[in-house]
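Hi,

Here is the structure for you to look at. My notes come after it.

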Amino acid sequence: LALSVTGVAGPDGGSAGKPVGLVWFGLAMTDREPIAEQRVFENRGRDYIRREAARHAIKMALDTLEGRRGS
């Protein structure tokens with residue numbers, strides 16, 4: 001299982017096309033199609049965005065390993 005996370009956690013660095021809170025997730029696993037998705041988290045500060053991104057990434061991994069996501 002490979003998991004990647006990238007985005008703009010702030011407090012600066014956002015733009016119209018890439019606002020603070022925009023996070024991309026990637027997940028790949030042997031014999032499955034890779035998954036890429038984006039989320040825009042509410043801008044409640046850098047710590048909040050990082051925490052929510054970590055939670056989402058862990059949920060993606062667990063859902064995939066338990067067969068609730070992907071093919």
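Below are the ground rules, then the sheet, the helix and the salt bridges.

This is a predicted model: local features need pLDDT of at least 70, side-chain atom pairs count only at pLDDT 80 or more, and totals for chains, interfaces and linings use all residues. Residues are numbered from 1 along each chain as its sequence is written, and side-chain values use heavy atoms, with hydrogens and water left out.

**Sheet**

Three strands make an open sheet in the order β1-β2-β3, with antiparallel pairing. Strands here are DSSP runs of E with at least two residues, and helices are runs of H or I with at least four; both are numbered from the N terminus. Two strands count as paired if DSSP finds at least two bridges between them. In general, strands of a sheet pair through backbone hydrogen bonds, either parallel or antiparallel.

β1 and β3 are the edge strands. Each has a single partner strand, so one side of each lacks a neighbour in the sheet. Neighbouring strands are turned by 15 degrees against each other on average, direction ignored. For angles, axes are lines fitted to C-alpha atoms (for helices, over the stretch in contact), and values run from 0 to 180 degrees between N-to-C directions.

Now the pairs. β1 (residues 2–7) meets β2 over six antiparallel bridges. In that pair, V5 stands opposite F25 of β2. β2 also pairs with β3 (residues 35–40), again antiparallel and over six bridges. There, V23 faces R39 of β3. β2 and β3 form a hairpin with six residues between them. In its turn, D31 has a positive phi of about 65 degrees.

How buried is β2? Five of the seven residues of this strand (residues 22–28) are buried, so β2 is largely enclosed by the rest of the structure. Buried means under 20% relative accessible area, exposed means over 50%, and partly exposed is in between (1.4 Å probe, protein chains only).

Contact means heavy atoms within 4.5 Å.

At 1.5 Å a residue, the 20 residues of α1 should span 28 Å, and the end C-alpha atoms are 29 Å apart, which agrees. The expected span is 1.5 Å times one less than the number of residues.

The buried residues of α1 include Y48, I49, A53, A57, M60 and A61. Also buried in α1 are E52, H56, D63 and T64. Their cover includes β1, β2 and β3. Just after α1, G67 takes a positive phi of about 80 degrees.

**Salt bridges**

How many salt bridges does the structure hold? There are six. The criterion is a side-chain nitrogen of Lys or Arg within 4 Å of a carboxyl oxygen of Asp or Glu.

One of them joins D63 and R68, with the closest N and O atoms 2.6 Å apart. D63 is buried at 7% relative accessible area, whereas R68 is exposed at 56%. Salt bridges with shared partners link K59, D63, E66 and R68 into one network.

R39 and E37 also meet, at 3.5 Å from N to O. R39 is partly exposed at 38%. E37 is buried at 16% relative accessibility. R44 and E42 form another, at 3.4 Å from N to O. R44 is exposed, at 54% relative accessibility.

Best wishes
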